[in-house]
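Here is a friendly walk through one structure, taken a region at a time. Keep the model open beside the text and follow along.

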Amino acid sequence: MARRLVRHQTVRPLADSAAQGLSPEDIADHNGRTISALLLREGPMTRQELAARLKLTEPAITGILQRLLGAGLVRQGKRQTKTRYQAAEFSLVPSGAYGLGIERTPQGGAIALCDLAGAMVLCEAFERDEAFFDAILRIRQAKAGFPAPLGVGVIISSGADDEFSALFDDLPCFSLSKPEAVLAGEKLFGVGEPEGGLVVILIEDRVQAGFMINGRFYRGSHGRAGAIGAMRPGLGEGTLDMAASAASFRAFLAEGGADDIEGWIKQAARRLLDGVVTIAGFFSPGVVLLGGDLPDDVIKRLIDEIAKARLEKERYFVPTGWIPPVGALSFPSRDPVYGAAVAPFIELLLPKPY
């Protein structure tokens with residue numbers, strides 16, 4: 001059974017090194033992860049720059065870098081300057097680690113293999129089980145030049161992640177929902193994690209939301225957080241799924257509504273904004289991102305219409321500054337399996353959330 005990402009394990013700040021239960025190995029692991037995160041986010045840095053950011057001595061930084069160099073995650077170069085002195089600078093090696101993402105579908109599935117820089121080495125969808133599992137085995141056995149993955153992110157769907165436990169019994173394997181996979185991609189290579197947290201809303205056959213707060217996915221006490229498609233504005237009203245899902249959009253077109261798509265967009269935008277307001281009232285996220293199985297132009301028009309509806313609420317709400325803006329996903333053309341592929345980096349190479 002795949003483990004849930006992210007484990008609820010606390011690593012204390014460096015200043016709390018004397019705290020009970022914190023070993024030297026914990027400190028070394030935390031510092032290595034922190035340097036990896038800095039290099040990933042900000043690019044090459046010198047020992048002096050790293051020491052200043054981490055509030056550590058240069059000898060301590062040198063020791064951490066030696067471990068990362070030995071692991072093949074970091075490489076050393078020379079900073080190009082106009083002076084004679086060229087300081088050594090360190091950067092992440094994109095090929096130093098790979099993550100594998102897997103999504104099971106009723107017909108087959110999708111896989112993605114990504115390097116540490118977020119570049120996709122491979123991303124394919126398969127309509128037949130045979131081709132899907134054959135591709136997984138080729139990667140698992142490092143055939144055809146494919147590198148061995150560091151870990152595996154599996155998008156869970158109806159318990160399908162259990163099918164892969166035997167294939168990856170010697171590798172860390174983490175299960176995510178589809179919104180969580182999208183959040184992982186946004187955190188590492190998209191918008192990052194804004195102050196207040198990040199929310200994604202995916203419009204598919206059902207409307208789903210994912211929440212990331214303080215570096216952790218929020219699932220609720222029973223793991224059901226994010227099922228906003230079941231929301232109703234009143235007992236006599238239809239659900240959000242009925243008004244704003246991709247299934248409802250297809251049904252609208254099938255019933256001859258192609259000439260009045262704007263009507264569907266206005267209805268869906270108002271109902272989606274109700275969901276955003278509800279989320280904001282509890283979590284107050286910094287950003288809400290919208291995407292899913294709708295045409296790109298429909299997503300854009302939905303976002304524009306949500307912005308208009310947000311301003312209209314000022315007529316009868318208190319000022320709406322507390323309602324977060326809604327924008328588009330950073331990678332609308334990338335499947336969620338991309339986020340599943342980079343998700344193991346969050347658990348295995350980057351600082352663990354407090």
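Let us begin with the second largest pocket, whose volume is about 550 Å³. A pocket here is an open set of points on a 1 Å grid over the protein atoms alone, with protein on both sides within 12 Å along at least five of seven lines, and lining residues have an atom within 4 Å of a point. Grid points are joined across faces, edges and corners, and the volume is the space filled by probe spheres set on them. This is a predicted model, in which local features need pLDDT of at least 70 and side-chain atom pairs count only at pLDDT 80 or more, while totals for chains, interfaces and linings use all residues. Residues are numbered from 1 along each chain as its sequence is written, and side-chain values use heavy atoms, with hydrogens and water left out.

The lining of this pocket has 20 residues, and those nearest the centre are A37, R41, K187, E193 and P351. Helices α1 (24–42), α2 (47–54) and α5 (178–189) each bring at least two residues to the lining, and α1 gives the most, with six. Helices (H or I, at least four residues) and strands (E, at least two) are DSSP runs, numbered from the N terminus. By class, the lining has 10 nonpolar, five polar and five charged residues. Nonpolar covers Ala, Val, Leu, Ile, Met, Phe, Trp, Tyr, Cys and Pro; charged covers Asp, Glu, Lys and Arg; the others, Gly among them, are polar.

Next, the strands. An open sheet of three strands has the order β2-β4-β3, with antiparallel pairing. β2 (45–46) and β3 (74–78) are at its edges with a single partner strand each, so one side of each has no neighbour in the sheet. Two strands count as paired if DSSP finds at least two bridges between them. β3 and β4 (residues 88–92) are joined by five bridges, and K78 stands opposite A88 in β4.

Further along, β10 (residues 198–203) and β11 run antiparallel, joined by six bridges. They form a hairpin with three residues between them, and L202 has Q208 in β11 as its bridge partner. Why is strand β11 (residues 207–213) described as largely enclosed by the rest of the structure? Because six of its seven residues are buried. Buried means under 20% relative accessible area, exposed over 50%, and partly exposed in between (1.4 Å probe, protein chains only).

β11 also pairs with β12 (residues 216–217), in the antiparallel sense over two bridges, and M212 stands opposite F217 in β12. This second hairpin has two residues between its strands, and N214 in the turn has a positive phi of about 55 degrees. N214 is not a glycine, and it is exposed, at 61% relative accessible area.

Another positive phi comes after helix α8 (residues 261–283). α8 has 23 residues and spans 32 Å from its first C-alpha to its last, close to the expected 33 Å, which is 1.5 Å times one less than its number of residues. S284 follows α8, with a positive phi near 50 degrees. S284 lies in the loop between α8 and β13 (287–292) and is partly exposed, at 42% relative accessibility.

Finally, the cysteines. The structure holds zero disulfides, a disulfide being a pair of cysteine sulfur atoms within 2.5 Å. For C114, the closest cysteine sulfur is in C123, 7.2 Å away, which is too far for a bond. C114 is buried, with a relative accessible area of 0%, and C173 is buried at 11%.

Key:
1 Å grid on protein atoms, 1.4 Å probe; cavity = no way out; pocket = protein on both sides within 12 Å on 5 of 7 lines; lining within 4 Å.
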